Amino acid sequence: IIVDDEALPRFTRASQNIAAAAALLHGLLEAVTPEDHWAHREIRTLLEHAVAQQAESSLSWRHELDAS
């Protein structure tokens, strides 16, 4: 775990960071205001993009290993 005094701890592996972000999102209080709903949607969208990027990266990495 990497600890930065000005930020949340983060893991060295992207998949661990994605799991941590998903857990944090799940633990958020239910959105009440329109701003809360917007923020939750934005967080989910960013998390979905990160998951897709991680999946693409893992697939590419596996293809490179198979080609070796």
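The chain contains 2 helices and 0 strands, and the structure described here is a predicted model. Of the 68 residues of the chain, 7% count as buried, while the accessible surface amounts to about 5,900 Å², with 58% of that area belonging to carbon and sulfur atoms.

## How the two helices pack

Two packed helices are described by the angle between their axes and the distance between the axes. In this model, helix 1, which covers residues 14-27, packs against helix 2, which covers residues 34-67, at an angle of about 160 degrees, and their axes lie 10 Å apart. That angle makes helix 1 roughly antiparallel to helix 2, because angles over 145 degrees are counted in this way. The crossing of helix 1 and helix 2 is left-handed.

On the side of helix 1, the contact is made by Ala14, Ser15, Ile18, Ala21, Ala22 and Leu25. Helix 2 contributes His40, Ile43, Arg44, Leu47, Ala50, Val51 and Gln54 to the contact. Sorted by class, the residues in the contact of helix 1 with helix 2 are 9 nonpolar, 3 polar and 1 charged.

## Residues of helix 1

Ser15, one of the contact residues of helix 1, has a relative accessibility of 32% and therefore counts as partly exposed. Asn17 also belongs to helix 1, and at 27% relative accessibility Asn17 is likewise classed as partly exposed. When neighbours within four places in sequence are left aside, Asn17 is in contact with Arg10 and Phe11. Ala19 has its place in helix 1 too, and its relative accessibility of 46% puts Ala19 in the partly exposed class.

| Pair | Separation in sequence | C-alpha to C-alpha |
|---|---|---|
| Ser15 and Ser58 | 43 residues | 9.9 Å |
| Asn17 and Ala50 | 33 residues | 9.5 Å |
| Ala19 and Leu47 | 28 residues | 9.5 Å |

Two of the partners in the table, Ala50 and Leu47, are themselves among the residues through which helix 2 makes its contact with helix 1.

Is His40 buried or exposed? With a relative accessible area of 13%, His40 is buried, because the class takes in residues under 20%. Leaving aside neighbours within four places in sequence, His40 is in contact with Leu25, Leu28, Leu29, Glu30 and Ala31.

Notes
Residues are numbered from 1 along each chain as its sequence is written. This is a predicted model: local features need pLDDT of at least 70, side-chain atom pairs count only at pLDDT 80 or more; totals for chains, interfaces and linings use all residues. Side-chain values use heavy atoms; hydrogens and water are left out. Helices (H or I, at least four residues) and strands (E, at least two) are DSSP runs, numbered from the N terminus. Buried means under 20% relative accessible area, exposed over 50%, partly exposed in between (1.4 Å probe, protein chains only). Accessible areas come from the Shrake-Rupley method with a 1.4 Å probe; for residues, only the protein chains shown count as cover. Axes are lines fitted to C-alpha atoms, for helices over the stretch in contact, and angles run from 0 to 180 degrees between N-to-C directions. Angles under 35 degrees count as roughly parallel, over 145 as roughly antiparallel, 65 to 115 as roughly perpendicular and the rest as oblique. A crossing is left-handed if the near helix is turned anticlockwise from the far one by less than a right angle, and right-handed if clockwise. Contact means heavy atoms within 4.5 Å. Ala, Val, Leu, Ile, Met, Phe, Trp, Tyr, Cys and Pro count as nonpolar, Asp, Glu, Lys and Arg as charged, and the others, Gly among them, as polar.
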